Amino acid sequence: MDRVVLDEWHVVAALESLLPGQEFPTRLFNTDLTLVRPAGDIVAAWPAASGKALPVCVRHGHVWTSLGTPAEPLFDLPFPLAAAGSMAIDVPPERVLDAFRDDGAVTPHPYCVLREHAAAALFIQPVDDDRCIVHLLARDEAGRAAARLEFAALKPILESQVPEGLPQPGTGSWYPVASSSDLAPRHIFHTALAGQELALWRDDACLANVWENRCPHRGVRLTIGTNLGTALRCQYHGWEFASGSGRCAILPARVTTYPCVERYGLVWTSLAGAPEDIPDLGAAYWQPVRAVFVEAPMAEAAAELPHRDGLKLFLQPVSDDRTVIHGLSSDPAVSLREHDELLTRLRDRIEGGEA
Amino acid sequence: MIALAGSPLSRETYRIRLLFDLAGMAYEQKDGPDLVILAEGDRFEDAWRALSRLAPPDWQADGRWFAIARRLAASPAETALFRELDQHLWFGEREGQPFLGSEHPTVADIGCFPEVMMSDQAGVSLLPYPALRRWADRLRGLPGFTGFP
Ligand code: FES
């Protein structure tokens, strides 16, 4: 990175969001940082990885630090401004700068925009290449509310211009991990693929999510959290992660998400791997039968799979020694109960409980 | 008013409290006129008898659930039993019976719930039993639901 930018002071938090005695995790230029505020205006900052203290300055109601060595003190403001809220946005910092550098705006700092006519300012904290946190400032309560509203309206517009980074179907090895009906409203479905635990959930707009079952904050399982309909709330400290992106609304944190396709009544995902598309089953009507969980490695299950007309079976490797058998039936003459009998007998045979 | 005595940490006291809370029955947790005494370690049979005696008519369950709930109380986290319940619930979801014995909750659900919830809390993963997890969610979502302390 540019040395000049590195040696700048950069905003990393609004002072009021640091609770005395509590560690505050944040991120600057791809580096995880920890902040603490022992008392008043005293704040310490260090990279989570090294523990070596960074320079800190507290000004304009915000905490500033640097990953380099700042040569000059922080800029002054022509009039006092107070913190009006901080919001994470999935957009490169430069794009946010562009959007706010309207007529009459000045930039006293490469990542700060001062709008004198509106008595407002914007401090941008570059989080990584395509993400930042925007700290809003305004003079009075009315100005603060207006700044928040304006930014909230602009945020989705800026974000919608960012191309989605998800791998496209067909570029990995796809497995069914649930049936579409498993993802009941406001429920969080728990499964695993190749040892990777997954939390699956459907939002109120019917969009299905396949997420790593791990809160990015302290690694708590998301399956014990709450499906809020638009976001998933972690049970432990209540961080919320948005449907689709998996991003936290306030903090620079993101759940690992996997691509998700619903087809033939099954939910398919891929952890990336050898190219292999979702099988093309044609236009026939497929009905999912009850998936059966088997305490056996996938290879053992594969060796026992029967071949039947009108029934397609797929294996989901849960872990090295557990497998789920998913089935799709295209024969309405065979009932779900009959299929279930077949599959549970198959399970017992694979597990060796019954000859 | 019914009074519920017994250790709040006992599974059997919890079973009865859950019925009271979910069925909206008034009670107090101490001595009283219509006394239900349950101490810690009380037998499942006693709790079930109390459930059947106190439950309102629409909360009564088929007698076969007694045997199933007792098996569960005796050996929680028994794979075969969890599989049976999971399968039963999966078909129930398709046949308009989202609860164990019926389209609405009954003492059958209350008889089985504590063991399922405890196994979840104790880290015996319910991952292989998706329909059982959905059923537990449905019970947790009922008005008046209270968790095990
Ligand atoms: S572990 Fe802290 S919010 Fe999830």
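Predicted model: local features only at pLDDT ≥ 70, side-chain atom pairs only at ≥ 80, totals over all residues.
Does L313(A) count as buried or exposed, and at what relative accessibility?

View 1. Residues are numbered from 1 along each chain as its sequence is written, chains are lettered from A and ligands numbered from 1 in the order in which they are written, and side-chain values use heavy atoms, with hydrogens and water left out. L313(A) counts as buried, because its relative accessibility is 16%; buried means under 20% relative accessible area, exposed over 50%, and partly exposed in between, with a 1.4 Å probe and protein chains only. The residue belongs to strand β24 of chain A, which covers residues 311-319; here helices (H or I, at least four residues) and strands (E, at least two) are DSSP runs, numbered from the N terminus. Leaving aside residues up to four places away in sequence, L313(A) touches L305(A), P306(A), I325(A), H326(A), G327(A), L343(A) and L346(A), where contact means heavy atoms within 4.5 Å. One of these, L343(A), is 30 residues apart from L313(A) along the chain, and the C-alpha atoms of the two are separated by 9.8 Å.

**View 2. R27(A) and the residues that it touches.** R27(A) lies in strand β2 of chain A, and with a relative accessible area of 18% it is buried. Its contacts, not counting residues up to four places away in sequence, are D32(A), L33(A), Q125(A), P126(A), V127(A), D128(A), R131(A) and P252(A). From C-alpha to C-alpha, R27(A) and A13(A) are 9.8 Å apart in space, and they are 14 residues apart in sequence.

**View 3. The second largest pocket.** Rolling a probe the size of a water molecule over the atoms shows where empty space is left. On a 1 Å grid over the protein atoms alone, a cavity is a set of points where a 1.4 Å probe fits but cannot get out, whereas a pocket is an open set with protein on both sides within 12 Å along at least five of seven lines, and lining residues have an atom within 4 Å of a point. About 570 Å³ of space lies in the second largest pocket, the volume being the space filled by probe spheres set on grid points that are joined across faces, edges and corners. The pocket is lined by 23 residues, of which F24(A), P25(A), T26(A), H217(A) and W239(A) are the closest to its centre. Two or more lining residues come from each of β2 (24-28) and β3 (31-39) of chain A, and β2(A) gives the largest share, 4 residues. The lining divides into 11 nonpolar, 6 polar and 6 charged residues; Ala, Val, Leu, Ile, Met, Phe, Trp, Tyr, Cys and Pro count as nonpolar, Asp, Glu, Lys and Arg as charged, and the others, Gly among them, as polar. Because domain 1 (3-160) and domain 2 (170-277) of chain A both give residues to the lining, the second largest pocket lies between them; these domain bounds come from an automatic or database domain assignment.

**View 4. An open sheet in chain A.** In the order β13-β14-β15-β19, 4 strands of chain A form an open sheet with antiparallel pairing, where two strands pair if DSSP finds at least two bridges between them. The edge strands, each pairing on one side only, are β13 (188-193) and β19 (257-258) of chain A. Antiparallel pairing over 6 bridges links β13(A) to β14 (residues 196-202) of chain A; L193(A) has Q196(A) as its bridge partner, and A192(A) stands opposite E197(A). The hairpin of β13(A) and β14(A) has 2 residues between the strands, and A194(A) takes a positive phi near 50 degrees there. β14(A) also runs antiparallel to β15 (residues 208-212) of chain A, to which 5 bridges join it, with R202(A) and A208(A) as bridge partners. In β14(A), 5 of the 7 residues are buried, and the strand is mostly covered.

**View 5. Strand β12 of chain A.** Strand β12(A), residues 174-179, is largely enclosed by the rest of the structure, because 5 of its 6 residues are buried. It pairs in the antiparallel sense with strand β21 (residues 266-270) of chain A over 5 bridges, and in β21(A) the bridge partner of A178(A) is V267(A).
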